[in-house]
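Have a look at the model first, then read on.

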Amino acid sequence: ANSLATVTITGAGGQIGYALLFRIASGQLLGPDTAVRLRLLEIPQGLRSAEGAALELQDSAFPLLQSVDVTDDAASAFDGANVGLLVGSRPRGPGMERGDLLAANGAIFAPQGAAINAGAADDVRIVVVGNPANTNASIASAHAPDVPCERFTALTRLDHNRALGQLSEALHTPVSQLRDVSIWGNHSATQFPDIAHATAGGRPVVELLEEQLGADAAREWIRDVFIPRVAKRGAEIIEVRGSSSVASAANATIDHVSDWVSGTTHGWTSAALPSDGSYGVPEGLVSSFPVESIDGQWRIVQGLELDAFARERIDASVAELIEEREAVRTLGLLG
Ligand code: NAI
């Protein structure tokens with residue numbers, strides 16, 4: 001290995017953590033030339049599970065794995081971190097009010113943001129996986145004033161990959177032939193999976209669907225089948241599997257970071273990042289966009305035409321994000 005990176009995973013003793021750790025240690029996050037130091041952050045009741053995973057990492061004898069530290073102290077977990085995967089969070093439980101949910105997450109992401117601010121490496125890249133991911137990223141960023149806000153991103157790559165999977169099935173086309181699908185807005189049921197600019201084997205996906213189904217049926221399929229199926233896929237997985245998405249979430253997290261570091265090569269992908277005002281999304285709001293990764297930085301794809309339907313769907317999801325931000329601001333969580 002030519003270089004060494006410190007990767008911090010929060011909630012490392014949980015399910016997604018377990019699915020992430022071995023892939024990172026095997027080199028799938030940062031490539032075969034980068035040795036990895038893993039830092040596993042947990043709360044006290046999750047420490048044993050993380051320690052168990054650390055024993056199994058040792059037993060895997062990964063040549064690229066330099067060390068594994070397990071801790072419940074955010075300051076030491078993020079000290080020198082180059083990559084932070086913020087997986088541990090407080091998802092909405094039954095009967096939980098939104099205010100309680102946001103307050104519980106504020107108590108997690110505000111101190112983690114402060115620890116990143118205090119100790120992370122200058123090139124730190126953060127992706128928030130724990131829900132509500134977009135707003136948790138805003139909270140962490142607000143507590144890390146010395147870290148450029150564009151280093152705080154949230155995961156919508158799983159939604160993006162789910163959209164590719166659905167299109168691949170509908171068009172009988174391998175995923176490798178598909179390009180330029182977009183996820184806009186919040187990682188929630190209001191997200192807008194957009195295929196207006198997508199192509200399959202170089203041909204517009206919408207055209208192919210129209211050929212296959214007829215124009216009206218194609219429009220209905222997009223609106224009534226494709227979009228809700230992607231947006232509610234998490235619930236479908238829970239219903240069928242009896243447990244939430246884990247391996248696919250870990251896979252998407254790996255895709256997000258490896259594209260961020262190494263660049264996108266097959267058209268664009270999707271990620272939630274602080275808006276620069278593009279497409280009328282208020283500046284600073286952490287919202288999903290079509291993005292390319294160039295020279296280690298995400299760039300929002302510019303100049304896409306949005307029809308009235310797209311505009312309405314994006315505005316609805318952005319409105320939800322603004323509401324979440326205002327609720328968090330009221331709780332004093334934005335510093
Ligand atoms: P899990 O419950 O198995 O693991 C979460 C772990 O986080 C637990 O071990 C817990 O002890 C730990 N944790 C809680 N608070 C912490 C803190 N302050 N610091 C460090 N660790 C802490 O849950 P799972 O399945 O791993 O999912 C994690 C999160 O990812 C959930 O919020 C889930 O909703 C979200 N998710 C997001 C997706 C996305 O596409 N953005 C997809 C799938 C899940």
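## Around helix H6

Just after H6, His172 takes a positive phi of about 50°. H6 covers residues 157–171; helices here are DSSP runs (H or I, at least four residues), strands are runs of E (at least two), and both are numbered from the N terminus. This is a predicted model, where local features need pLDDT of at least 70, side-chain atom pairs count only at pLDDT 80 or more, and totals for chains, interfaces and linings use all residues. Residues are numbered from 1 along each chain as its sequence is written, and side-chain values use heavy atoms, with hydrogens and water left out.

As for burial, 12 of the 15 residues of H6 are buried, so H6 is largely enclosed by the rest of the structure. Buried means under 20% relative accessible area (1.4 Å probe, protein chains only). Among the buried ones are Arg157, Asp159 and Leu167.

## Meeting H10

H6 packs against helix H10 (residues 247–262) at about 105°, with the axes 8 Å apart. Axes are lines fitted to C-alpha atoms over the stretch in contact, and angles run from 0 to 180 degrees between N-to-C directions. The two helices are therefore roughly perpendicular (65 to 115 degrees). On the H6 side, Arg157, Leu158 and Asn161 make the contact, meaning heavy atoms within 4.5 Å.

## The core

Leu167 and Ile195 are among the residues with the most contacts inside the largest nonpolar core, which has 39 residues. Such a core is a set of buried Ala, Val, Leu, Ile, Met, Phe, Trp, Tyr and Cys residues joined through side-chain atoms within 4.5 Å. H8 gives the largest share of this core, 6 residues.

How values were computed:
Angles under 35 degrees count as roughly parallel, over 145 as roughly antiparallel, 65 to 115 as roughly perpendicular and the rest as oblique. Buried means under 20% relative accessible area, exposed over 50%, partly exposed in between (1.4 Å probe, protein chains only).
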